[in-house]
Amino acid sequence: MSKKIFYGWYIVAGCVLIAAAGIGFHNTASIFIRPVTEDLGLSRSEFTFFRTIIVILGAALLPVYGKIAKRYSIKKVMLAGTIISGLSLIGYALCTYLWQFYLVAVINGLFVNASHFMMLGILIGRWFKDKKGLALGIAFAGSGMGAAIMVPLASFVIESAGWRWGFGFSGIAALIILIPTILLLIKETPESMGLSPYENKNDNGDSAVTKIEEPKGLTLSEARKTSAFWLLAIALFCISISASAPNAHTAPYLGDLGYPVYVISAVVSLTMIVLMIGKIFMGHVFDRFGTMFGGIALGIFCILSPVFALLAAHPTAPWIHAFFLGLASTGFSIPANIFAIKYFGEKDFPAILSILSMIMAFGAAFSPPGMGLAYDFFGDYILAWQLLVVLGIVVTVGLIGVNLTGRKLRGQHIGT
């Protein structure tokens, strides 16, 4: 008799689709930079600032969404947020002036967290005690999958019909995927289905609800008094810059070097494919080898990505850069969840995760226009890539420090 599949894995599948259409389709912004700026006569820093508006507003509202996740239905919040997210992509297609991009970005930013990594992480955290890293890795891989699929499709639409149709196509596709997925697959908690969270000893999905233990760990105020929290915050901030700035500017950078559109879209797609597979891989790495090994690996990826970008004039270097950028970009979603739950516990996990996510969001908000400003001022991206190498070193040292200082916290407050 075959074992019944635990419903939590259906939740993971739903999260994959939500991440793909709700996050991944928005991660195609880099392919719009050149066509939009050339058509409307905008600078790259001016145009990419619309992404900054989204992330700043999203970051400011992360603590609010952390509270919403504890009080209200995640399913309903996701549904409302994803509808606005899809409509915002269609809204960009209608923009003619810069202020209109900014206005749509404000609306998008108010709802972006409704289906972003934090909300998906909280949902996965409710359904899984064991194999949490693998479940998160698979769920978050959807953002890479969505971008990998949409980049060549949207690039083709842009080349054939213009950037407005590219935005419109992305928005309609997002809505077609998101609405049915949330309505049909997402369930709030395992207890609502007479199940308990996934454990290795209860992986057939037939386990009865067990007695709920008092969550262990630190409160947000207690966590903020520890060096581990701030080392993690600094490392995550640098990871977000290392992922966001290159993802926004690799396409125009390669265009400046003379690479044709089909090569550029293939390189960007490779980044997203590696991101998709890499999230599953890194989730397994964190489960199997621990946070020390996983953290060092992420730091190395963050260093090697800009190193090969600096060598991108050689025809093989962009592909190697794309490979390591995809792996480095896994750090934008997985480490915050894994490190927070390991060293600060479950007691105030949504609140702690919301603050860490907010810190990462600010890095993601300012780095793309910052890199665009560097290009506008210096006429190239060389200094920006060099600074990203330094940030990769900071990531490596910071995550090592989190592991060293966090061990004492785990023994005192969470239990080993």
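1. Ala, Val, Leu, Ile, Met, Phe, Trp, Tyr, Cys and Pro count as nonpolar, Asp, Glu, Lys and Arg as charged, and the others, Gly among them, as polar. With these classes, the lining of the second largest pocket divides into 8 nonpolar, 3 polar and 3 charged residues. The model discussed in this note is a predicted one.

2. The second largest pocket holds about 260 Å³ of space. Its lining is made of 14 residues, and those closest to the centre of the pocket are Ile 31, Arg 34, Pro 35, Glu 159 and Val 261.

3. Which helix gives the largest share of the lining of the second largest pocket? That helix is α2, which supplies 6 residues. At least two residues each come from α2 (30-40), α7 (132-161), α10 and α11 (261-310).

4. Helices α2 and α10 also pack against each other, with their axes 6 Å apart and at an angle of about 55 degrees. That angle makes α2 oblique to α10. The crossing of these two helices is right-handed.

5. On the α2 side, the contact with α10 is made by Ser 30, Ile 33 and Arg 34. On the α10 side, the residues are Asn 247, Ala 248, Ala 251, Pro 252, Gly 255 and Asp 256. By class, the contact of α2 with α10 has 4 nonpolar, 3 polar and 2 charged residues. Arg 34 of α2 takes part in this contact, and Arg 34 is also among the residues closest to the centre of the second largest pocket.

6. Helix α10 (residues 227-256) has a further partner in helix α14 (residues 349-378); the two axes come within 7 Å and cross at roughly 35 degrees. The crossing of α10 and α14 is right-handed. Sorted by class, the residues in the contact of α10 with α14 are 19 nonpolar, 6 polar and 1 charged.

7. Elsewhere in the model, helix α3 (residues 44-71) packs with helix α6 (residues 117-127), their axes 10 Å apart and at an angle of about 30 degrees. Why is α3 described as roughly parallel to α6? The angle is about 30 degrees, and angles under 35 degrees count as roughly parallel, so α3 is roughly parallel to α6. The crossing of α3 and α6 is right-handed.

8. The contact of α3 with α6 can be listed residue by residue. Leu 62, Tyr 65, Gly 66 and Ala 69 belong to α3, while Met 118, Met 119, Ile 122 and Arg 126 belong to α6. By class, this contact has 6 nonpolar, 1 polar and 1 charged residues.

9. How many cavities of 30 Å³ or more are found in a search of the whole structure? The search finds 4. The second largest cavity contains about 50 Å³ of space. Phe 25, His 26, Thr 28, Ala 29, Phe 50, Arg 51, Ile 54, Leu 89, Tyr 92, Asn 108 and Phe 167 line the second largest cavity.

Notes: Residues numbered from 1 in each chain as written. Predicted model: local features only at pLDDT ≥ 70, side-chain atom pairs only at ≥ 80, totals over all residues. Heavy atoms only, no water. Axes fitted to C-alpha atoms, helices over the stretch in contact; angles between N-to-C directions. Helix = DSSP H or I, 4+ residues; strand = E, 2+ residues; numbered from the N terminus. Left-handed = near helix turned anticlockwise from the far one by under 90°. 1 Å grid on protein atoms, 1.4 Å probe; cavity = no way out; pocket = protein on both sides within 12 Å on 5 of 7 lines; lining within 4 Å. Points joined across faces, edges and corners; volume = space filled by probe spheres on them. Parallel < 35°, antiparallel > 145°, perpendicular 65-115°, else oblique. Contact = heavy atoms within 4.5 Å.
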